Amino acid sequence: MVLPEGKKLISTAEAAKALGVSMGRVRQLALLGPKKGGLTRYHAAPTALVFDAEEVAKLAKAKRVTGRPKGGFKAN
């Protein structure tokens, strides 16, 4: 497995922390790919994904990682 040179790669856990989402959501973003608003993934091992730290930071800054709002159910 070939990893890109010259890029700082971070783990799924580090990407999740930077984006403020779960590791499962990071994996979903990896499946989407960058063309559909997700992330580029690299395989460090057969079961280990790593991500470009710069790309994760750009996505976090854009605040495009959406989901359910925090707070849960609220009565009207």
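Guide: Exposed means over 50% relative accessible area, buried means under 20%, and partly exposed is in between, with a 1.4 Å probe and protein chains only. One caution before we go on: this is a predicted model, where local features need pLDDT of at least 70 and side-chain atom pairs count only at pLDDT 80 or more, while totals for chains, interfaces and linings use all residues. Residues are numbered from 1 along each chain as its sequence is written, and side-chain values use heavy atoms, leaving out hydrogens and water.

Helices (H or I, at least four residues) and strands (E, at least two) are DSSP runs, numbered from the N terminus. The strands form an open, antiparallel sheet of three in the order E1-E3-E2; two strands count as paired if DSSP finds at least two bridges between them. Strand E1 (9-11) and strand E2 (41-45) are the edges, each pairing on one side only. From one strand to the next, the twist averages 45°.

E2 and strand E3 (residues 48-52) run antiparallel, joined by four bridges, and a hairpin of two residues links them. Across that pair, His 43 stands opposite Leu 49 and Arg 41 stands opposite Phe 51.

Helix H1 (residues 12-19) lies across E1 and E3, at about 90° to E1. H3 (residues 53-62) packs on the sheet too, touching E1 and E3, with its direction at about 70° to that of E3. These angles are taken between N-to-C directions, from 0 to 180 degrees, with axes fitted to C-alpha atoms, for helices over the stretch in contact.

H1 has its own buried set: Thr 12, Ala 15, Ala 16 and Leu 19. These cover an arc of only 100° around the axis, which puts them on the same side of H1. They pack against E1, H2, E3 and H3.

Beyond neighbours within four places in sequence, Val 56 contacts Ile 10, Ala 15, Ala 18, Leu 19, Leu 39 and Phe 51. Val 56 is also one of the residues touching the most other members of the largest nonpolar core, which has 13 residues. Such a core is a set of buried Ala, Val, Leu, Ile, Met, Phe, Trp, Tyr and Cys residues joined through side-chain atoms within 4.5 Å. H1, helix H2 (23-32), E3 and H3 each give two or more residues to this core. In soluble globular proteins, nonpolar side chains tend to be buried together.

Definitions and conventions: Contact = heavy atoms within 4.5 Å. Arc of directions from axis to C-beta.
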